[in-house]
Amino acid sequence: MASAITIQSVTKTYTRGGESLRVLDELDLTMDGGTFYALMGPSGSGKTTLLNLVGGLDQADSGSVRIGDVDLGELSSSELAGWRAANVGFVFQGFNLLPVLTARENVELPLLLAPLSRAQRRAQAERVLELVGLKDRMDHKPRELSGGQEQRVAIARAIATDPQVLLADEPTGDLDRTTADSVLDLLQRLNRELQKTILMVTHDPQAASYSDKVIHLDKGKLGRIDDNRAASGGRK
Amino acid sequence: MLVPLRYNLRSLFVRASATLLTVCAIGATVAVLAGMLSLQQGFAVLFQERGRDDLAVFLRKGATSEGESGLTREQCEILAKEVPEIARTTDGQPLASAELFLAVRLRKFDGGETNVAIRGVQPASFAIHGDDLRIVAGENIRPGQDELIVGQGLLGRIADCRVGDTLRINTVTFRIVGTFTGKGGYQSEIWGDLERLAAALQRPVRSRVLAKVAPGTDLAAVQERYTADLRVQPRVESEREYLASQTGDLSQRFTLLGGFLALIMGIGAVFTGTNSMLGTIGARTHEIGILKAIGYRPFAIFAAFLLEAVLLGLLGGAAGCLLVLPFQGAETGTMNQTFSEVTFAFRTTLPVLVEAIGFAGLLGLVGGLLPAWRAARMTPTQALRRG
């Protein structure tokens, strides 16, 4: 059973230029496991902050963020690192591959944190690269790949350890429409076939249409949740 | 789990110019240290490898070197004839030679003057040294003649020292009749007949008695035996011990000077290393964020960047050693403890290389501490945002 995500009364404040900015304001939100969510809202509405809190990259000032049975607020930074390695995969707008490593070596990075032999790591990296359609490019460095291919490698890295939760921050922001659609197709397939819980930040309604549900944030608070599955416009 | 080493290794080559700059700074520092250590090795080995355990050196009681020592002709004879441990030839003559040792000012080829060791010897000296000493040009000196032979180490450094040249010592003109080669410091000496040199230098006393003894002879017991003898109270030690004591001070000075220079330059190299690593971390903040997001713990990040700094140091160390290696065997000269010119070779030995590269690794380690700590302390969001 995929892990549900529960956000309870979460507040997060940043101080910029001596000014306090409340980015998330007593936010309450529950996301079902195995569902593909898009997170939308105007700039500064707290989308990326929420994504970071769910991914354990940052911690809330108050309230709780629970993934399954784990309250992330109770973990130290080192414990959070361990938790991230096993439970969550990230896909960023800028692809975020290490430029000096090949596609396979990038995918192996999170696998090095798992108790696997070298052969098992290699086999798993090849398996996920095959899943994203890049087995034939696995010995290429990022600069030798197109933007879409880089993002596919980033997705392969994100799912390499088979985490239940995938977090994507504007994954198609740097891609042309056709390439963006292929990446979104891939994310949708991972959700449908592997039951990954996906939370994707996007400004693009067309990208959001690939999700099951669209969460709208506004000034750090929950606006509304649209259900694409109920509507006829959702691409399935 | 640590970040894979290949990530750090390849990153070093990606930022080639910064890496090269740091490698050069550390390399120069290491070259200075390795150079001084090589000189120290060359100097120490010059004397120590020649020192023999089956030769005994008799000096005046309390003297620490030949230059300070003084034994009368009679005292030398007592020692040669009465010490039973001294080996004898087949016809019963003791294998012992009284020697006179003095430094005289001679002209250098490259201008100026320097002290050169002059040694007056007896025919037994050549028998004592045996195959360790060979005439390589011209011929040997003859007893009672105003003749000299010159150590090969002086040929390129001191003027008027070739076979056929003449050398004036006080009022006496000596003729150079040969060139000899031998182990160690003797290569930097000029030898002549004891009596003729003593007369020319107006020195009635001898500096030492060198004698062949059976290996394993208890020379401390020999010295002890003469403690209460009013005729002669020598200081006795093996040639190996004597030469080791002669090189100790200068050898230590080389080490200290090398250490001092390496320390001063090392501080500069550490700053260069720190600066380079801070630049590296600045340029790769985003990558640090990626690694942290993936799940690498702060310690793994710290270890990765510290290791990268150490690798940088080791590369610098290797570069420094490469700078020094071409000088292997090159000869130079200096004043030794008896204030005479001594020629010795640059010896970059394996321990010198290991020490130099270890020092370079240490420079990298110290230079990398702050940047690595800074990288480890960044939160993933800070790192990802800054990138």
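Is A:Glu193 buried, partly exposed or exposed? With a relative accessible area of 49%, A:Glu193 is partly exposed, because exposed residues must be over 50%. This value, like every other here, comes from a predicted model.

**Salt bridges within chain A**

A:Glu193 has a charged partner. Its salt bridge is with A:Arg189, and the closest N and O atoms are 3.9 Å apart. Both residues belong to helix H6 (residues 177–194) of chain A. They sit four residues apart, about one turn of the helix. A:Arg189 is partly exposed too, at 33% relative accessible area.

In general, side chains of opposite charge can pair when their charged atoms come close. Over all chains, a search of the whole structure finds 40 salt bridges. The table lists some of them, including one that crosses between chains.

| A:Asp25 | A:Arg22 | 2.9 Å |

A:Asp139 lies in the loop between helix H4 (118–131) and helix H5 (147–159) of chain A. A:Arg104 is in helix H3 (residues 103–111) of chain A, so the pair ties together parts that are 35 residues apart in sequence. A:Asp139 is partly exposed at 47% relative accessibility, whereas A:Arg104 is buried at 11%. Salt bridges with shared partners also link A:Arg104 and A:Asp139 with A:Glu108, A:Arg121 and A:Glu126 in one network.

A:Asp25 is buried, with a relative accessible area of 19%. That value counts as buried because the cut-off is under 20%. A:Arg22 is partly exposed, at 46%.

**Where the chains meet**

How many residues of chain B are in contact with chain A? The count is 21 residues of chain B, against 26 residues of chain A. Together the two chains bury about 2,100 Å², with 64% of it on carbon and sulfur atoms.

Charged and polar pairs also cross this interface. Two salt bridges are found there. Eight residue pairs are in polar contact across the interface. On chain B, the elements giving two or more residues to the side that touches chain A are helix H1 (5–14), helix H8 (285–294) and helix H11 (380–386). H8(B) gives the largest share, seven residues. By class, this side of chain B holds 12 nonpolar, four polar and five charged residues.

**Nonpolar cores**

The largest nonpolar core has 58 residues. Those with the most contacts inside it are A:Ile7, A:Leu50, A:Leu199, B:Tyr296 and B:Phe305. Helix H9 (residues 298–324) of chain B gives the most to this core, with eight residues.

B:Tyr296 has contacts in both chains. Leaving out residues up to four places away in sequence, its contacts include A:Ala81, A:Leu109, A:Leu112 and A:Leu113. Within chain B, B:Tyr296 touches B:Met1, B:Leu2 and B:Ile301, among others.

A second, separate core has 42 residues. Among them are B:Ala80, B:Leu148, B:Ile169 and B:Leu197.

**An exposed serine**

A:Ser20 is in strand S2 (residues 19–31) of chain A. At 53% relative accessibility, A:Ser20 is exposed. Beyond its neighbours within four places in sequence, A:Ser20 contacts A:Thr13, A:Tyr14 and A:Thr15. A:Gly148 is 128 residues from A:Ser20 in sequence, and their C-alpha atoms are 38 Å apart.

How values were computed:
Residues numbered from 1 in each chain as written. Chains lettered and ligands numbered in written order. Predicted model: local features only at pLDDT ≥ 70, side-chain atom pairs only at ≥ 80, totals over all residues. Heavy atoms only, no water. Contact = heavy atoms within 4.5 Å. Buried area = accessible area lost by both parts, 1.4 Å probe. Salt bridge = Lys/Arg side-chain N within 4 Å of Asp/Glu carboxyl O. Polar contact = N/O pair within 3.5 Å; in protein donor to acceptor, adjacent residues only side chain to side chain. Nonpolar A, V, L, I, M, F, W, Y, C, P; charged D, E, K, R; others polar. Core = buried A, V, L, I, M, F, W, Y, C linked by side-chain atoms within 4.5 Å. Buried < 20%, exposed > 50% of the residue type's maximum accessible area, 1.4 Å probe, protein only.
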